[in-house]
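Dear colleague,

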Amino acid sequence: MDNLEQAFNEIIEKDLKVEPRDWMPEKYRANNIRQISQHAHSEVIGMQPEGNWLLRAPSLRAKQVLLAKIQDEAGHGLYLYSVAETLGISRQEMIEQLHSGKAKYSSIFNYPALTWADMGAIGWLVDGAAIVNQVSLQRTSYGPYSRGMVRICKEESFHQRQGYEIMIHMANGTPEQKAMAQDALNRFWEPALMMFGPHDKDSAHTSDSMKWKIKRETNDTLRQKFIDKTVPQIEFLGLEVPDKNCKWNEETGHYDHSPFNWDEFWNVVKGNGPCNAERLEHHKKAHNDNAWVREAAYQYAKKTEGELV
Ligand code: 3HC
């Protein structure tokens, strides 16, 4: 092993951070580019289901809060694209990978947001799952990713609370509102659990990602953490857990749950979910319609290059 690889291994062993200019194994670089760029795609595509509800929000306050959340997600996407760029991939290449289907984004966003209670379920469950995952990623070994997570986690907590606040209103509202909240929970529960990825034994990347401390906890560990945290919140709402086998297990100190429908998961990941085509078409249209903004910014930067602004 040469000195460079030795130095890299020492950084990982000592829980230090790998920085953009450090030598790193090409597979470490590629794994980070893959995960970080897909994380960024998820943030940006994730704005679509919520964006559809901006004009239908039931009050000015609800609209303001939802708008603030969506703006945060755009910012999260930009941080993460910038982090991926430090590893040597261009923004254009990442967008091309998204548009060609080569790159993924979180399958949860391929489900439709049908009612206002879905805005609650998405903020509470989707951002709640993202928090569990991202709090862990604050300790990821790649420096820029770790620092980006610290910033993102602060904002994510607001997102989860705004969603849970909607669920509290609905669950304590009229019987129709409570039924709407239960319906949203029923539809988003399992897709939210799938955000943590396949079981560890079926995960293509977890062993490398744990070895290099890209991941600090495995898919199943984080998923279980989320289930254990969220079931009491469902009970507090007076709603039913959409899984009859979800029961506290004194022995393990965790909630048991039914097996997941991985056929459904992979079917959606492969592009056959209810909204896959719509999400990508919308992104492509927005990207092409706003090409002039990128061009103008590029020309302005070129013209003012070197000038003190
Ligand atoms: N949706 C789509 N694809 C998924 C997926 C999901 N929920 N879970 C896993 N996959 C894909 C992986 O990308 C991988 O495919 P690839 O090789 O083409 O990249 C394949 O399934 C095998 O899965 P692995 O478990 O081996 O993959 P990872 O080790 O990358 O683990 C992960 C998956 C846990 C999602 C990990 O990538 C991760 O922690 N990513 C960072 C967090 C993230 O991306 N979260 C997405 C939601 S962001 C969000 O919700 C923002 C909030 O503000 C709304």
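The notes that follow concern the nonpolar cores and the aromatic rings. Please bear in mind that this is a predicted model.

Nonpolar cores

The largest nonpolar core has 52 residues, and Trp116, Met119, Trp124, Leu125, Trp189 and Leu239 are those with the most contacts inside it. Several helices give two or more residues to this core, among them H4 (60–85), H7 (143–171) and H8 (175–193). Helix H6 gives the most, with ten residues. In general, nonpolar side chains in soluble globular proteins tend to be buried together.

Beyond its neighbours within four places in sequence, Trp189 is in contact with Leu125, Thr230, Val231, Ile234, Val241, Pro242 and Asp243. A second, separate core has 25 residues, including Ile36, Ile89, Ile95 and Ile152.

Aromatic rings

Across the whole structure there are eleven aromatic pairs. In one of them, the ring centres of Phe196 and Phe226 are 5.7 Å apart and the planes lie at 40°, so this pair is tilted. Phe196 is in the loop between H8 and helix H9 (206–211), whereas Phe226 is in helix H10, 30 residues apart. Phe196 is buried at 5% relative accessibility, and Phe226 is buried at 1%.

Phe265 and Trp266 form an edge-to-face pair, with 4.8 Å between centres and 70° between planes. Here Phe265 is buried at 8% relative accessibility, while Trp266 is partly exposed at 33%.

Ring pairs also link Phe8, Trp23, Tyr28 and Trp212 into a cluster. Lys211 lies over the face of Trp212, at 4.6 Å from the ring centre.

Yours sincerely

Conventions:
Residues numbered from 1 in each chain as written. Predicted model: local features only at pLDDT ≥ 70, side-chain atom pairs only at ≥ 80, totals over all residues. Heavy atoms only, no water. Core = buried A, V, L, I, M, F, W, Y, C linked by side-chain atoms within 4.5 Å. Buried < 20%, exposed > 50% of the residue type's maximum accessible area, 1.4 Å probe, protein only. Helix = DSSP H or I, 4+ residues; strand = E, 2+ residues; numbered from the N terminus. Contact = heavy atoms within 4.5 Å. Phe/Tyr/Trp six-rings, centres within 6.5 Å; stacked < 30°, edge-to-face > 60°. Lys NZ or Arg CZ within 6 Å of the ring centre and 35° of its normal.
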